[in-house]
Amino acid sequence: MTDLAALKTANAKRWANAKVTRRAEFVFAARRLVLAKARYRAVEAKTGVPWYFIAVVHERECSQDWNGNLAQGDPWNKVSVHVPAGHGPFTSWERAAEDALVNCPPYAARNKDWSVGGLITKLEEYNGLG
């Protein structure tokens, strides 16, 4: 079993020492995500999960495709087939995102530690540790 406290500490140190090596790609993705901040903030208001965490997960799970479910990238208007399977259909991307953050592992809406180390650790947990 992974020691989450140790992982949070290690991730905070990694972040402190991180250097941007692919600046153009980073800026391109960051700008796209920030442009959608209002949509992410709407989900944040319902779940307590910071908008920037939601944005990063959205990018990672489905390349910020608004037809993809935050939980695994499956279409949100159909029942999901990939893990977590059996969720949906939903009436909107926002409803699907709320479900992903509240009802699907790693249950990001239950998280209380949104420090850099806590956030990075929750991102790792999102697709499984190990």
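Asparagine 11 is found in helix H1, where helices are DSSP runs of H or I with at least four residues, strands are runs of E with at least two, and both are numbered from the N terminus. At 3% relative accessibility, asparagine 11 counts as buried; the term buried means under 20% relative accessible area, exposed means over 50%, and partly exposed lies in between, with a 1.4 Å probe and protein chains only. Leaving aside neighbours within four places in sequence, asparagine 11 is in contact with Gly117, Ile120, Thr121 and Glu124, a contact being heavy atoms within 4.5 Å. This is a predicted model, in which local features need pLDDT of at least 70 and side-chain atom pairs count only at pLDDT 80 or more, while totals for chains, interfaces and linings use all residues. Residues are numbered from 1 along each chain as its sequence is written, and side-chain values use heavy atoms, with hydrogens and water left out.

Helix H6 covers residues 116-126, and eight of its eleven residues are buried. These buried residues are Gly117, Gly118, Leu119, Ile120, Thr121, Lys122, Leu123 and Tyr126. Their cover includes helix H1 (4-17), H4 and H5. Just after H6, glycine 128 takes a positive phi of about 100°.

Eight of the eleven residues of H5 are buried, leaving the helix mostly covered. The buried set consists of Trp93, Glu94, Ala96, Ala97, Glu98, Asp99, Ala100 and Leu101. Helix H3 (37-47), H4 and H6 are among the elements that cover these residues.

What does the chain look like as a whole? Its secondary structure comes to six helices and zero strands, and from the N terminus on the elements run α-α-α-α-α-α. The radius of gyration is 15 Å, close to the 14 Å that the globule rule gives for 130 residues, so the chain is as compact as a globular protein of that length. Here the radius is taken over C-alpha atoms, and the rule is 2.2 Å times the number of residues to the power 0.38. Along its principal axes, the C-alpha trace spans about 40 × 35 × 25 Å. Buried residues make up 42% of the 130 residues. Of the contacts with a separation of 6 or more, 48% are between residues 24 or more positions apart. The accessible surface comes to about 7800 Å², and 57% of this surface belongs to carbon and sulfur atoms; such areas come from the Shrake-Rupley method with a 1.4 Å probe, and for residues only the protein chains shown count as cover.

The cysteines come next. How many disulfides does the structure hold? There are zero disulfides, a disulfide being a pair of cysteine sulfur atoms within 2.5 Å. The sulfur of cysteine 62 has its closest cysteine sulfur in cysteine 104, and the 13 Å between them is too far for a bond. Both residues are under cover: cysteine 62 is buried at 11% relative accessibility, and cysteine 104 is buried with a relative accessible area of 2%.

Some backbone angles also deserve a look. Most residues other than glycine have a negative phi, and most peptide bonds are trans. Serine 63, although not a glycine, has a positive phi of about 50°, and phi of glutamine 64 is near 60°, again a positive value in a residue other than glycine. Serine 63 lies in the loop between H4 and H5, and glutamine 64 has its place in that loop as well. Is each one buried or exposed? Serine 63 is exposed, with a relative accessible area of 53%, whereas glutamine 64 is buried, with a relative accessible area of 10%.

Two cis peptide bonds complete the picture. One joins glycine 88 and proline 89, with omega about 0°; another joins proline 105 and proline 106, with omega about 10°. Proline 106 lies in the loop between H5 and H6. Proline 89 sits in the loop between helix H4 (51-62) and helix H5 (93-103), and is exposed, with a relative accessible area of 51%. Apart from its neighbours within four places in sequence, proline 89 is in contact with Trp76, Asn77, Lys78 and Val79. The C-alpha atoms of proline 89 and alanine 16, which are 73 residues apart along the chain, are separated by 40 Å.
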